[in-house]
Amino acid sequence: MPVPYAAALLPLALLAPAASPVSVVEADFDPASAFVPPAAISYAQDLVPYGSHARVVTDRSVPGRTTLTLTVSGLAADHAFPVHLHTGTCGADPASSGPHYQDVVDPVQPSADPAYANERNELRLVLRTDADGEGTASTAVDWQPRAGGARSLVLHAGDPAGPHGAGDRVACVKLGD
Ligand SMILES: [Cu+2]
């Protein structure tokens, strides 16, 4: 009896918890040592003061595409932060966020080969704050992260002295799996 069977399943399919194509993370930057492990960590209060705010919207509603938008308030004014999607989660050690997430993973790690370490194969953006320390930046890539593979968005200090220098990791936002 295929028809009644399908009809019986339809409501269940509608109720099934499908992964939302748009996820939103809202968090205040706190010290890693906070009693409750923070959803966003600052490692450099001069650039990312405690209590400053981040909102990350990850939109996967277009098949095979990811658009990520980062909006902040309360950060250092008139500053450019290189921001990347990283593989690891945020921890007390800034290095715990691990290497950059890559769609096609470089077999040689740490990845320095521009065939892999580029802005099409990694998710990168530059967040520029205004005179009030507010800013928003968005970028899109033609892939979607593997489940559980991209667990943080890392803000770097920026290094105007070097062409590729992202500089120290100054803050980290935990992303859901
Ligand atoms: Cu990075």
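Strand S1 (residues 22-30) and strand S2 (residues 40-42) run parallel and are joined by 2 bridges. Strands here are DSSP runs of E of at least two residues, numbered from the N terminus. Within this pairing, Asp30 has Ile41 in S2 as its bridge partner. The model is a predicted one, in which local features need pLDDT of at least 70, side-chain atom pairs count only at pLDDT 80 or more, and totals for chains, interfaces and linings use all residues. Residues are numbered from 1 along each chain as its sequence is written.

The two strands belong to an open sheet of 9 strands with mixed pairing, in the order S6-S5-S8-S9-S2-S1-S3-S4-S7; two strands are taken to pair if DSSP finds at least two bridges between them.

Two backbone features were identified in loops. Most residues other than glycine have a negative phi, and most peptide bonds are trans. Asp78, located in the loop between strand S4 (66-73) and S5, has a positive phi near 50°. Asp78 counts as exposed because it has 11 C-beta neighbours inside 10 Å; the class requires 12 or fewer other C-beta atoms within 10 Å of the residue's own, with C-beta atoms placed from the backbone. A cis peptide bond, with omega of about -5°, joins Gln109 and Pro110. Pro110 lies in the loop between strand S5 (80-86) and strand S6 (124-128).

Definitions and conventions. Helices (H or I, at least four residues) and strands (E, at least two) are DSSP runs, numbered from the N terminus. A residue is buried if 20 or more other C-beta atoms lie within 10 Å of its own, exposed if 12 or fewer, and partly exposed in between; C-beta atoms are placed from the backbone.
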